[in-house]
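Please keep the sequence and the model at hand while reading.

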Amino acid sequence: MNKPVTKKALLLSLIVSLVLIIAGAAVFAFAGFNPDSTMRDASVIEVSDVMRLSDEEREALEDFCTERIEAQYSVSKVEYGEESATGGSILRYTLAGGETATAEFADSLEEAIVSGNVAGVSGGLVTVSVHTTANAPYTMYIWRTAIGAGAVVVLLFIYGCIRFKVGPGVTMLISAVRDLALTLALAALLRIPAGVGLIGVAVFALFFSALLNLLVFGKMRKDFASDEYKGIPAREAVAKSVADGSKTVLLIAVLAAALCVLLGIVGIFIGTDLLWSMLAALIAVAACVTSALFLSPAIYAGIKEKSDAVRANKARYNYTPEKKSKQEAASVQESAEN
């Protein structure tokens, strides 16, 4: 028998999962998730000109402003845009580390730009302002995510029961809750910065868990209907089916992990920090794979074993009413005499 579907393996898997989840919950209760610094409120210095600048003029203005702003503040991001109403250009400097720019600095920078003879910038047409960009912390999304996750889990359970019967439905429900909880627990334990991206990872964990479990139970349903699996004990049948389908599950997991890494790399080039979301997504992939190949089969093997025992026990008895049995026996005897 394949060891991952034994009772001992199930107990070990549940203990490890519970220890990690409880540890993560404890860290979250005392310290919360590690807030993503890029999602905190930030001070922004905005340089706007009502005239549309050429590429050379914009570069000259950006170099001029960057030199003076970075001499006093740390800049985390520089963005360039255009005003649709006036056709002018806008340079936005987002300060790092919670620094706050003053109105006095904005006035001095505006005066320096006008008096600095920057190419393409006309006096009186440039303005420098300071404002704060407010970003909602991850705590704003916790309850919404919890409600949404609960609804998805219930729908997953119902779908599993309809498509594969109650046993697989219960197993998919346990696996989905475990995969989501383990992903969030490890994110808390490893202090992965949490922002809106972590909400996306939670949703990804639920749906990826559902996908892998659907593949596993879909193959089981197909295998159990074949003659090859007739008469095989429940645990051996589950182990054999999972072993035969493990390559497909692992291939999909590798593709999902590669996609996560690719998104992280793309984020580097487009200026979006996806590193922490990528790492959290890789944790979700690992959690879902272990669930589909070890936890779910071990849980379902126990359920199927009991179900098969009940079915076999019922088959030993004749549930035909006694009166009907006597009538059928008399009919057979009468037919034999004739």
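## A nonpolar surface patch

Val 154 counts as partly exposed because its relative accessibility is 47%, where partly exposed denotes the range between buried, under 20% relative accessible area, and exposed, over 50%, computed with a 1.4 Å probe and protein chains only. Val 154 belongs to helix α4, helices being DSSP runs of H or I with at least four residues and strands runs of E with at least two, both numbered from the N terminus. Together with Leu 155, Ile 158 and Ile 162, Val 154 forms a nonpolar patch on the surface, and the four residues share about 410 Å² of accessible area. Such areas come from the Shrake-Rupley method with a 1.4 Å probe, and for residues only the protein chains shown count as cover.

The model is a predicted one, in which local features need pLDDT of at least 70 and side-chain atom pairs count only at pLDDT 80 or more, while totals for chains, interfaces and linings use all residues. Residues are numbered from 1 along each chain as its sequence is written, and side-chain values use heavy atoms, with hydrogens and water left out.

## A patch of negative charge

A patch of negative charge on the surface is made up of Asp 55, Glu 56, Glu 59 and Asp 63. Patches consist of residues with over 30% relative accessible area and no salt bridge, like charges being joined within 9 Å and nonpolar side chains (Val, Leu, Ile, Met, Phe, Trp, Tyr) within 5 Å. Lys and Arg count as positive and Asp and Glu as negative, whereas His and the chain ends are not counted; the place of a charge is NZ of Lys, CZ of Arg, CG of Asp or CD of Glu. Asp 63 lies in helix α2, which spans residues 55-70, and Asp 63 counts as exposed because its relative accessibility is 53%.

## Salt bridges

Eight salt bridges are found in a search of the whole structure, each being a side-chain nitrogen of Lys or Arg within 4 Å of a carboxyl oxygen of Asp or Glu. One of them pairs Arg 92 with Glu 46, with 3.1 Å between the closest N and O atoms. This pair links distant parts of the chain, since Arg 92 sits in strand β4 (residues 89-95) and Glu 46 in strand β2 (residues 42-49), 46 residues apart. Arg 92 is partly exposed at a relative accessible area of 29%, whereas Glu 46 is buried at 16%.

The side chains of Arg 178 and Asp 179 also meet in a salt bridge, at 3.0 Å from N to O, and both residues are buried. A further salt bridge joins Asp 244 and Lys 240 at 3.8 Å, N to O. Asp 244 and Lys 240 both lie in helix α7, four residues apart, or about one turn of the helix. Salt bridges with shared partners bring Glu 228, Lys 240 and Asp 244 into one network. Asp 244 is partly exposed, with 42% relative accessibility, and Lys 240 is likewise partly exposed, with 30%.

## Positive phi values in two loops

Most residues other than glycine have a negative phi. Lys 165, a residue other than glycine, has a positive phi near 90° and is placed in the loop between α4 (142-164) and α5 (166-189). At 62% relative accessibility, Lys 165 counts as exposed.

Arg 191, which is not a glycine either, has a positive phi of about 55°. Arg 191 lies in the loop between α5 and β6 (193-194), and with 28% relative accessibility Arg 191 counts as partly exposed.

## A buried asparagine and the whole chain

Asn 213 is found in helix α6 (residues 196-224) and is buried, with a relative accessible area of 0%.

The secondary structure of the chain comprises nine helices and six strands, and buried residues make up 36% of the 338 residues. Among contacts in the chain with a separation of 6 or more, 77% are accounted for by residues 24 or more positions apart. The chain exposes about 19,200 Å², of which carbon and sulfur atoms supply 63%.

Definitions and conventions:
Contact means heavy atoms within 4.5 Å.
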